[in-house]
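Subject: The structure we talked about

Dear colleague,

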Amino acid sequence: MALCNMMSVVRAAVGGLAGLCRAHGHQRAPLQSCLKTCAAGLKTYPVTPDYSDVLLPEKPKLKFLNKVPNLKKAKKEHKKLRDIQGPAKLANSFTSGQYAIVAMGGGYLHWGHLEMIRLTINRKIDARTTFARWRINAPYKPITRKGLGQRMGGGKGAIDHYVTPVRYGRLVVEVGGKVELGEVEHILTEVAKKLPFPAKVVSRESLEEMQRNQKEMEENNQNPWTFERIAHGNMMGIRRVLSPFDLHNNGRFTGKFHLPGRV
Amino acid sequence: MAATLCMKLLRNQGWAPLVQSVRHGSKAVTRHRKPLHIIKQKLLAVTQYIPPARVVPPGAYPAENKCVQEDAGLSLLLKKDLKKVFEESKMVAVVQKNGSNAEDMMILKHRLCKHGIKVKFFPNQVTRSFLSDSVYCNMAPLFIGPTVLFVSKEPKVKEMLSALRASPQMTLLGACIDNTLLSAQGVVSYSKLPSVTVVQGELVSGLTMLTSRTASMLQHHPARLSALLRQYVKQQSPDDGAEAAPKAEAAT
């Protein structure tokens, strides 16, 4: 029994010594290492995107667009408002850039708008990492105006200025390069707000998503009566109040406006 | 100027001609939203989009395919550490620390180090994801709030409890000792248990009690034995009568 007691005492002594050594080891380290406040979660840093395959063109900024097209003889044109009507068939998908401003309505862009776009974007983007491209032409459609105080009659007025017609769904400018949407979004929204038609900033993925959503809506519409069905079948003689334009566009557009949520 | 009444005839042969009488109204494309004919308004109202009916409201059930995020490097490392800790140690106690300074912590650590109990810090998110994969999934509800792990190879519960009693801000939530989950009261009662050797000894003594008692009795002086037996017979006699008495006499 006495031997057992002695052994336990020796063991305690050894343990104490070891503890002291360990305690000294802790004391050597700073006070802060004793108390570690762990956050509930763990911050994970996402991997930065790889831009090695992105080619930057030589002239990254938007080029200057003329106010007036250089024609020998400028011809006056009909008003032809149908170039604003309906959805865009040309330039409604991305080519070289990643982010763009897309028109959500129809309208005319004149030189003042184009200058505003050009100056804002050229001033704000970093030419080393970003580039921008026009997706619309320089103004080519002549708009005539009569002088102030003129009475009706006396022929068509003189050409006042030129405009570019833009339809719904057309891309106005494209921006790309070694940037993410967040870096470029504020510049593009600034421009989009000043356009004469409602406009939106999109990326490739968000544009695809918009188109996909529209298709999905068309597919899973629970309403057995659709505009297309009634208009094409001329049910109730509805063609009396519809135009051929409505037939093509199935009630999604009225004039230059796009009606959202229509299928 | 132009006639007030215009007639338009579509060139397309297949279609019925559309006769439109325009009285210098606005064109088709206007700056304002043109007021629609009432019948067209009705048509647009009838042909509105009706989404598919949802059986379940959107937020009722959790998403079926939850996107499982892959663990980043640091959390993988921490999980490896955790795994090692759980494998090596017999006792893993979860203690909640509320408002203790580094100084108090250091003192506590010093006290626990003497008995070989280590103090470990792990983020709750990592611990919970590790526990959900491992056997110790029922420990997951313990890891809420600022928690600290006390690990040791030997289950030295008494020393740990005494050290925790000294620091009032540390609350014991639960422990996993020898692969058994114990609550705080369970830990206290575990500490009050005698050691294994003591329990074994008690068990052995309990089993051999009868034989040992008989052996000790037989080792007494025979006179004492006979006296004891006579006493026993006297006690039995009110119950049995004279039958027990000759038997007892024969035995002595």
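A:Ile101 has its place in strand E1 of chain A, which covers residues 99–103. Please keep in mind from the start that this is a predicted model, and that everything described here was computed from it.

Which residues does A:Ile101 touch, once those up to four places away in sequence are set aside? They are A:Arg170, A:Leu171, A:Val172, A:Val173, A:Leu188, A:Val191, A:Ala192, A:Leu195, A:Ala199 and A:Lys200.

Turning to chain B, you will find 10 helices and five strands in it. Of the 252 residues in chain B, 26% are buried. If you take the contacts in chain B with a separation of 6 or more, 67% of them are between residues 24 or more positions apart.

Within chain B, B:Ser152 is worth a look, and it belongs to strand E3, which runs over residues 147–152 of that chain. Is B:Ser152 buried or exposed? B:Ser152 is buried, because its relative accessible area is 4%, which falls under the 20% cut-off. The side chain of B:Ser152 comes to 2.6 Å from the backbone oxygen of B:Glu154. When neighbours within four places in sequence are left aside, B:Ser152 is in contact with B:Ser89, B:Lys90, B:Met91, B:Gly116 and B:Ile117.

The next topic is the place where the two chains meet. Chain A brings 50 residues to the contact, and chain B brings 43 residues. Between them, chain B and chain A bury about 4,100 Å², and 70% of this area is on carbon and sulfur atoms. Three residues, B:Val29, B:Leu43 and B:Tyr49, supply 16% of the area that chain B buries against chain A, which is more than any other three residues supply.

How many salt bridges does the rule find across the interface of chain B and chain A? The rule finds one, and A:Asp246 forms a salt bridge with B:Lys40 in which the closest N and O atoms are 3.1 Å apart. For polar contacts across the interface of chain B and chain A, the rule finds eight residue pairs, with both residues at pLDDT 80 or more. On the side of chain B that touches chain A, at least two residues come from each of helix H1 (38–46), helix H2 (73–88), helix H3 (102–113) and helix H4 (124–133) of chain B. The helix that gives the most to this side is H3(B), with six residues. By type, the residues of the side of chain B that touches chain A divide into 24 nonpolar, 12 polar and seven charged.

The model scores ipTM 0.80 and pTM 0.65. Chain B has a mean pLDDT of 83, and 86% of its residues reach 70 or more. Confidence in chain B is highest in H1(B), at a mean of 96, and lowest in helix H10 (residues 244–251), at 52. Over residues 1–7 of chain B, pLDDT stays under 50, and for these residues the model has 10 contacts beyond four places in sequence.

With best wishes

Methods: Residues numbered from 1 in each chain as written. Chains lettered and ligands numbered in written order. Heavy atoms only, no water. Contact = heavy atoms within 4.5 Å. Buried area = accessible area lost by both parts, 1.4 Å probe. Salt bridge = Lys/Arg side-chain N within 4 Å of Asp/Glu carboxyl O. Polar contact = N/O pair within 3.5 Å; in protein donor to acceptor, adjacent residues only side chain to side chain. Helix = DSSP H or I, 4+ residues; strand = E, 2+ residues; numbered from the N terminus. Nonpolar A, V, L, I, M, F, W, Y, C, P; charged D, E, K, R; others polar. pLDDT = per-residue confidence, 0-100. Buried < 20%, exposed > 50% of the residue type's maximum accessible area, 1.4 Å probe, protein only.
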